[in-house]
Amino acid sequence: MKLCRIYCEGKRGSLDYDILEKVLGDLGQSIDIKPLGGKFGAPSIMSYLEKDGFMAAEAKDYLMFRDRDFDAPVPDQIQLTQQGHVYFSYRTTIENYLIDSQLFFEYAIEKGIRELDTVEKAISIIRDSALEIKNYQAVRHALGALRVDTSFRTSWTEQDGKLPECLELEACMDSAFNLIREAKTKSENWTKEHFEEKVREFLMVFNDSFFDREEYLVWFQGKDLAKSICRKMDNFPMKAYYKFAESRFDYKKFADLVELRTIVENKIQ
């Protein structure tokens with residue numbers, strides 16, 4: 001069998017690494033999962049390690065699996081997005097694969113959390129948390145769509161999962177446009193009207209049927225959604241829940257993760 005190296009974000013023990021272990025771990029010595037710590041500069045780092053660096057002599061095939069985040073548009077079909085050796089997840093972040101109403105309910109029963117003692121309550125809390133950040137997510141997606149050739153972030157907060165103080169649409173749009181203004185040298189042709197139109201496009205996507213289909217579990221940034229849930233539930237123990245969800249995780253429920261498994265299996269044959 002050939003060997004394949006799979007790069008990921010985070011470090012050993014991170015959600016990124018652990019989920020990859022769930023998808024590929026039973027392939028044993030045919031794979032080598034290597035966390036890079038982050039995503040920035042990943043293609044250059046991989047190229048150096050594989051072609052010029054200390055791993056070159058091993059002559060393995062390689063790829064990177066990483067969060068879509070806001071760096072590539074969500075495709076129409078449930079599938080990976082490929083850019084060279086990099087494969088983007090279908091869901092926005094790794095956390096999105098673990099936020100699940102049935103698992104929330106099962107965790108609540110085990111821990112005696114009354115707020116989630118039915119599946120319906122779990123669905124309602126996750127949905128209400130998503131509705132609360134709808135405007136913020138529309139603005140983040142608009143920034144992601146506009147920054148293809150620029151380097152500005154899709155949020156004005158310090159990190160994902162740290163929500164802004166005001167989640168009103170106008171406040172989010174004003175803060176976001178400041179990021180665009182700062183990147184003006186790379187976006188001279190953009191106008192506030194162009195940006196606002198992008199936001200409206202995403203708000204149209206995030207309609208009632210979008211919420212009925214629970215598509216926010218795909219589109220909304222997982223850390224942001226988790227933070228909104230914690231605010232509604234008085235600091236729900238999300239880290240402990242993730243460990244619980246990981247222990248019950250089944251990658252076969254996600255077509256893009258099945259696709260990733262197939263890609264790696266083909267490389268090692």
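The expected span of a helix is 1.5 Å times one less than its number of residues. The model shown in these views is predicted.

**View 1. Helix H12 and its buried side.** Helix H12 covers residues 255-268, 14 residues in total. From the first C-alpha to the last, H12 reaches 20 Å, close to the 20 Å expected. The buried residues of H12 are Asp256, Leu257, Leu260, Arg261, Ile263, Val264 and Ile268. They lie on the same side of H12, because they cover an arc of only 160° around the axis. An α-helix has 3.6 residues a turn, so residues three or four places apart point the same way.

**View 2. What covers H12.** Several elements cover the buried residues of H12, including the strands E1 (4-8), E2 (31-35), E3 (61-66) and E5 (86-88). Helix H1 (15-24) is also one of the covering elements.

**View 3. The packing of helices H3 and H11.** Helix H3 (residues 101-111) packs against helix H11 (residues 238-247) at an angle of about 110°, and their axes are 10 Å apart. Angles of 65 to 115 degrees count as roughly perpendicular, so H3 and H11 are roughly perpendicular to each other. H3 contributes Leu103, Phe104, Glu106, Tyr107 and Glu110 to the contact, and H11 contributes Met238, Ala240, Tyr241, Phe244 and Ala245. Of the residues in this contact, eight are nonpolar, two are charged and none is polar.

**View 4. Arginine 12 in its loop.** Arginine 12 lies in the loop between E1 and H1. Its relative accessible area is 55%, and arginine 12 is therefore exposed, since exposed means over 50%. Leaving out residues up to four places away in sequence, arginine 12 touches Tyr17, Ile33 and Pro35. Lysine 34 is 22 residues from arginine 12 along the chain, and the C-alpha atoms of the two are separated by 8.3 Å.

Note on methods. Residues numbered from 1 in each chain as written. Predicted model: local features only at pLDDT ≥ 70, side-chain atom pairs only at ≥ 80, totals over all residues. Heavy atoms only, no water. Helix = DSSP H or I, 4+ residues; strand = E, 2+ residues; numbered from the N terminus. Buried < 20%, exposed > 50% of the residue type's maximum accessible area, 1.4 Å probe, protein only. Arc of directions from axis to C-beta. Contact = heavy atoms within 4.5 Å. Axes fitted to C-alpha atoms, helices over the stretch in contact; angles between N-to-C directions. Parallel < 35°, antiparallel > 145°, perpendicular 65-115°, else oblique. Nonpolar A, V, L, I, M, F, W, Y, C, P; charged D, E, K, R; others polar.
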